[in-house]
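Hi,

Here is the structure I promised to pass on.

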Amino acid sequence: MKKSILLTAAITLLCGAQVALAATIMPNTPAECNNVQTWLKPAGNTVLATPARIKAMNKAMLSDTMCDLAAYPTTISGTTLAKYINHYEMDYDQYVNGSPLSHATADAILADAKANIPTTTQVRYGVVSARSDLRSFPTLLRAFDSPGDVNFDNWQETAVDPGEAALILHQNSKGNFYFVQLKSYRGWLPANKVAVTDRKTFLEFADPHDFGVVTEKLLTVSGAGSSYWLYQMGSKIPLSAKGRVILPFRNSKGYLSPVEMPAPWNEGLHKGYLPYTTNNLVTMAFKHLGAPYGWGGMKNSVDCSAFAQDVYKTMGVEIPRNGDEQENAWPGTNLKGLNWTSRDNIIKALPTGSLLFTPSHVMIYLGLYKNRPYMIHALGSYGAPTSDGGFYKNRIMQVVVSDTYLRGGSGTNLLMQMTKANSYK
């Protein structure tokens, strides 16, 4: 690793979740179900998998998208690169800044993304220097399905934390965005949020030997002057040989100049991974209780699949980022076509921490309370009854605890929408 700058100024570590947020009490959910202590059990401290087993699990979940950055080829063909970029298709029927997206604007964005793709590209190496948005296209414009929507940006893929290793595969014609391959995602990052580096340093961020793991839902590490780094749960911060945290500073020329500072260990930063136990899964999940639903990491928060990924990352289990990939990356229990009783019996027998999937949602199973199955999840909306016996989509936009019988916006119970359950052991 390149020589790091040691900051000698006073350092503060600010945990963004010290005070629990007030979570909505969901239908048929007693208030005590919102208490983490309800779900912590003496047997929950049993280690579910050894580090060797977790490593094998992570390897089994690798895919074209969920990749081993260290094993990535040093060059990429233009055909492959074009396929990756073209994966994001432009929908012209959207709204930007409250107005319909013009064809001219959409076509200009596409042209900017697809310009200058060479026959062969030499992969470059970078490290994300500040929390930023990974985009479908090289633009910070936000696109929505309706003129009044502000919550579901169609071009927002995910939020990316500082220190994430990024393979730079392409640059747009304007030069202000990089198309990157991350550990579990591909997309466009603002070039001013990526610090270019050499392969050796890149690998020290991609797979550090010693590191701290963020165990609060948000952690702000403040340095000298106005510098700071905002991390989300599950992020790894590399440690130097002297045990200091190494932070990704981007210098004025766009290159990585790592900085070191003392590592104050507390509830927000844990040395190495947490033990992989059900009690730790529950504890990490409940740190998000009441947090806003953040589509693609908007609002500095989580959507349903990011919530599940972040919780598992604190223990070193690397599940994919998106729900459909999470569902398919692991051999679980198929629930398709089963009746209510069969589904209910399967769910009730699952271990705490199992992931439950519907075609559009991911939930973390908590267990039984008075023989009723409950789960914790980042929820956009649910089906609330109307006076005429129907249902309407009640927008909740929060991390909540509910039973598995909660109705979706259409009025169908989530239990009957579930397609699969995954338990990672």
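Which residues in α5 are buried? They are Thr 278, Asn 279, Asn 280, Leu 281, Val 282, Met 284, Ala 285 and Phe 286. Buried here means under 20% relative accessible area, exposed means over 50%, and partly exposed is in between (1.4 Å probe, protein chains only). That makes 8 of the 9 residues of α5 buried, so the helix is mostly covered. The cover over those buried residues includes α6, β24, β25 and β26.

Before you go further: this is a predicted model, in which local features need pLDDT of at least 70 and side-chain atom pairs count only at pLDDT 80 or more, while totals for chains, interfaces and linings use all residues. Residues are numbered from 1 along each chain as its sequence is written, and side-chain values use heavy atoms, with hydrogens and water left out.

The overall picture: the protein has 9 helices and 27 strands. Those are DSSP runs numbered from the N terminus (helices are H or I, at least four residues; strands are E, at least two). The radius of gyration is 22 Å, which agrees with the value near 22 Å for a compact globule of 425 residues. That radius is taken over C-alpha atoms, and the globule rule is 2.2 Å times the number of residues to the power 0.38. Of the 425 residues, 55% are buried.

Now the inside. The largest nonpolar core has 43 residues, and those with the most contacts inside it are Tyr 276, Phe 307, Leu 355, Ile 376 and Tyr 424. (A nonpolar core is a set of buried Ala, Val, Leu, Ile, Met, Phe, Trp, Tyr and Cys residues joined through side-chain atoms within 4.5 Å.) Elements giving two or more residues to this core include α1 (51-60), α5 (278-286), β23 (355-358) and β25 (372-385). The most comes from α6, with 6 residues. Leaving aside neighbours within four places in sequence, Tyr 276 is in contact with residues including Val 47, Ile 54, Leu 281, Met 315 and Tyr 424; contact means heavy atoms within 4.5 Å. A second, separate core has 40 residues, among them Leu 101, Leu 134, Leu 169 and Val 196.

Next, a sheet. Six strands form an open, antiparallel sheet in the order β22-β27-β23-β24-β25-β26. Its edge strands, β22 (333-334) and β26, each pair on one side only; two strands pair if DSSP finds at least two bridges between them. Between the antiparallel β23 and β24 there are 4 bridges, and Phe 357 has Val 362 in β24 as its bridge partner. Helix α6 packs on this sheet, touching β23, β24, β25 and β26, and its direction makes about 60 degrees with that of β24. For that angle, axes are lines fitted to C-alpha atoms (for helices, over the stretch in contact), and angles run from 0 to 180 degrees between N-to-C directions.

Cheers
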